[in-house]
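Hi,

Here is the structure I said I'd pass along.

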Amino acid sequence: MEPIVLVLVIIAVLIVGGVGLVISRRGRKPELPPAESQTSAPVIVKEKPPVVEEPQPPVVEEPRVERSVVVEEEGPAGQASIVIEEEPPPLVEAPSPTQGRLVRLRARLARSQNVFGKGLLGLLSREHLDDDAWDEVEESLIGADVGVKSTIEIVARLREHTRVLGTRSQEQLRALLTEELTMALDPSLDRSLKASPVDGKPAVILVVGVNGAGKTTTCGKIARVLVADGHSVVLGAADTFRAAAAEQLSTWAGRVGAEVVRGAEGADPAAVAFDAVRKGIDSGVDTVLIDTAGRLQNKVGLMDELGKIKRVVEKHGPVSETLLILDATAGQNGLSQAKVFTEVADVTGVVLTKLDGTAKGGIVIAVQREFGIPVKLVGLGEGPDDLAPFEPSAFVNALLGDE
């Protein structure tokens with residue numbers, strides 16, 4: 001029985017162990033599959049291809065204007081030129097030809113008419129022209145800045161002619177006064193601007209004057225006169241001591257499509273003038289117009305600098321014109337200005353500004369008679385085209401008024 005019992009015990013143990021193994025397997029939680037296997041279908045993850053960045057140009061802050069492009073040609077070494085878009089420039093104007101402009105502006109001489117026109121004609125129309133009357137005529141002319149020497153000559157001829165004629169009708173007196181004043185202005189003087197190229201090089205015009213005479217503004221108006229008469233122009237901003245001067249000149253030049261050569265503030269004015277002439281030669285323009293700094297006629301250093309500018313410019317060729325800007329309201333002080341500038345810069349012509357603002361238009365006669373320098377242009381207002389070529393007969397007719 002013992003072997004049988006032993007066999008039964010072993011069988012019982014095996015049965016119990018098998019049942020326990022089945023129970024333990026049933027009670028165990030199934031292992032979770034990996035995350036990608038939780039869904040019914042496998043998820044395929046598509047990776048994005050790497051983004052290849054193309055090289056971009058440098059960012060330049062610039063206004064959104066597409067018409068006007070200014071290129072800075074010279075940049076720091078190793079760097080590309082900078083292109084900056086700006087507001088479009090003003091439209092280029094086409095000034096009307098200057099012929100007859102003085103006649104159109106004759107109304108601007110209304111103040112001077114009181115002396116030359118109504119005043120003198122009234123004195124000469126008196127029934128008796130005694131010494132006292134002629135003294136009044138002299139005082140009127142001197143008061144109009146005609147100058148003592150010129151006044152004495154004019155009055156002497158007037159006295160002689162009225163004595164010979166023996167009549168004093170308004171028409172005859174007007175004709176007589178017209179003749180005398182026109183002669184005093186010397187119509188034989190050459191008043192044309194020498195603005196045409198010489199030997200294949202542009203004409204060079206220096207513009208000089210004292211502070212406050214309206215020199216830079218007048219220089220811009222001269223450029224308009226030249227363009228109106230068919231000349232191409234380059235302007236040189238040689239007034240490097242006043243920062244606004246170059247900007248002001250650039251504004252004037254831009255309105256007529258002219259180029260401006262300028263230097264840094266405080267740069268050597270002679271160097272700027274030299275570069276302006278060189279630019280004019282390279283560009284093949286007719287005229288180079290150089291604006292110089294305003295200066296007082298009694299400042300020796302500044303006057304010497306003006307002489308230096310002239311000498312440096314003449315390395316390219318002779319200066320065609322040196323125009324002195326005179327303020328008509330300065331009176332006889334204009335004569336001392338003209339004298340010093342003439343000695344230093346060899347002035348060839350006078351531009352008389354603000355003539356519409358004074359009754360002393362006789363300075364035109366005084367300057368010419370004293371120095372033999374013709375008045376070539378006169379300013380009769382603040383408008384851009386209020387600068388007119390000077391015509392003696394038209395000027396006198398405007399002063400005396402209509403018949």
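Let's start with Thr151, which sits in helix H5 (residues 148–165); helices here are DSSP runs of H or I with at least four residues, strands are E runs of at least two, and both are numbered from the N terminus. Thr151 is buried, at 1% relative accessible area (buried is under 20%, exposed over 50%, partly exposed in between, with a 1.4 Å probe and protein chains only). Setting aside neighbours within four places in sequence, Thr151 touches Glu138, Leu141, Ile142 and Val146 (contact means heavy atoms within 4.5 Å). Its C-alpha is 6.1 Å from that of Leu141, ten residues away along the chain.

A word on the source: this is a predicted model, where local features need pLDDT of at least 70, side-chain atom pairs count only at 80 or more, and totals for chains, interfaces and linings use all residues. Residues are numbered from 1 along each chain as its sequence is written, and side-chain values use heavy atoms, without hydrogens or water.

On to helix H8 (residues 243–255): its buried residues are Ala245, Ala246, Leu249, Trp252 and Ala253. They lie on the same side of H8 because they span an arc of only 125 degrees around the axis, taken from the directions from the helix axis to the C-beta atoms. Their cover includes helix H7 (215–228) and strands S4 (233–237), S5 (259–262) and S6 (287–291). Just after H8, Gly257 has a positive phi of about 75 degrees.

One caution: pLDDT (the predictor's confidence in each residue, from 0 to 100) stays under 50 over residues 32–46.

Cheers
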